Amino acid sequence: MLRYLVVVFIAVFFFLPGLVNAQDYVIGEGDGLFISVWDEPKLSVSATVRPDGKITIPGLGDVVASGLTPGQLQAELTEQLKDLVRNPIVTVSVERITNSRVFFFGGGLEVGVQDLLRQTSLLQMLSTVGNLQNTDLRAAYVLRDGEKIKEDFHALVVEGDVREDILLRNNDVIFVPPLREPNVYVLGAVETPKNIIFREGLTVLEAVLEAGGFTPFARENRTVVIRKQGDEEITIPVRGKDLLQGDASQNITLQPGDYVIIREGLF
């Protein structure tokens, strides 16, 4: 767990800022704007973007603001005001941000809304919303405009691979499900057959030791790991005796729901 936290901390606070690209803010419904027209105080107004995405400008009437960056809206107003003012100089300022949010669902984290008050990456957001230990990061994804733009957060969060990071945008929806099976099971010829709460990096040797180790009747080299992959069940042989003698290649990493089964025999 400590290693996991250290990886996330380093990634978020040291490497990440140089790896994400800046994005201009996009105006949305509910945002507060100030439109300033140089030397034309009657045309300079504060406005809140209505649910229909428009604002009202003196002399122009309704103008679409939602979906534009401040720079794009500034250019649009400058063009339209040319019929009213000679060489208008327009400035658009965002005074109040109420529209920039991301949404969480899926059951792995608390369902809710998080404000995006500054440019925020997926990793930065995940680092602030709660404990990810019992979430299924491999099944997680980000929806944008109804399409999955990012799937599988495991490499990003657990391995700290910031190349997997993305910059979040307004109205992104983040799906994070809980682990369906939070345990691994150690059965057969061990001192204390038991289920063990899964943790990232858990190996077959650690699981056997937590179950008290092999019994005197264990046939260590006939240990198997039963794993479900989709609708199929696979069997992974583990030569436990070789592992105890230093063959690290036998020390496979377990996944949630794995069964570690140690065969028993007299000879």
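Q: A salt bridge is a side-chain nitrogen of Lys or Arg within 4 Å of a carboxyl oxygen of Asp or Glu. How many salt bridges does the structure hold?
A: This is a predicted model, where local features need pLDDT of at least 70, side-chain atom pairs count only at pLDDT 80 or more, and totals for chains, interfaces and linings use all residues. Residues are numbered from 1 along each chain as its sequence is written, and side-chain values use heavy atoms, leaving out hydrogens and water. Side chains of opposite charge can pair when their charged atoms come close. The salt bridges number ten.

Q: How many residues apart in sequence are the parts that Arg144 and Asp172 tie together?
A: Their side chains meet in a salt bridge at 2.7 Å, N to O. Arg144 sits in strand β8 and Asp172 in the loop between α4 and β10, so the bridge ties together parts separated in sequence by 28 residues. Helices (H or I, at least four residues) and strands (E, at least two) are DSSP runs, numbered from the N terminus. The answer is 28.

Q: Is Lys150 buried or exposed?
A: Lys150 forms a salt bridge with Glu164 at 2.5 Å, N to O. Buried means under 20% relative accessible area, exposed over 50%, and partly exposed in between (1.4 Å probe, protein chains only). Lys150 has 8% relative accessibility, so it counts as buried.

Q: Which side chain of opposite charge is nearest to Asp31?
A: Asp31 lies in the loop between α1 and β1. It is buried, yet has no salt bridge. Lys and Arg count as positive, Asp and Glu as negative; His and the chain ends are not counted. The nearest opposite charge, 7.0 Å away, belongs to Arg96.

Q: At what distance do the side chains of Tyr25 and Asp31 make a polar contact?
A: Tyr25 is in the loop between α1 and β1. A polar contact is a pair of N or O atoms within 3.5 Å; within protein, one must be able to donate a hydrogen and the other to accept it, and residues adjacent in sequence count only if both atoms are side-chain atoms. The Tyr25 and Asp31 side chains are joined at 2.6 Å.

Q: What is the radius of gyration of the chain?
A: The chain has six helices and 15 strands. It is more spread out than a compact globule, because its radius of gyration is well over the 18 Å that the globule rule gives for 267 residues. The radius is taken over C-alpha atoms, and the rule is 2.2 Å times the number of residues to the power 0.38. The value is 28 Å.
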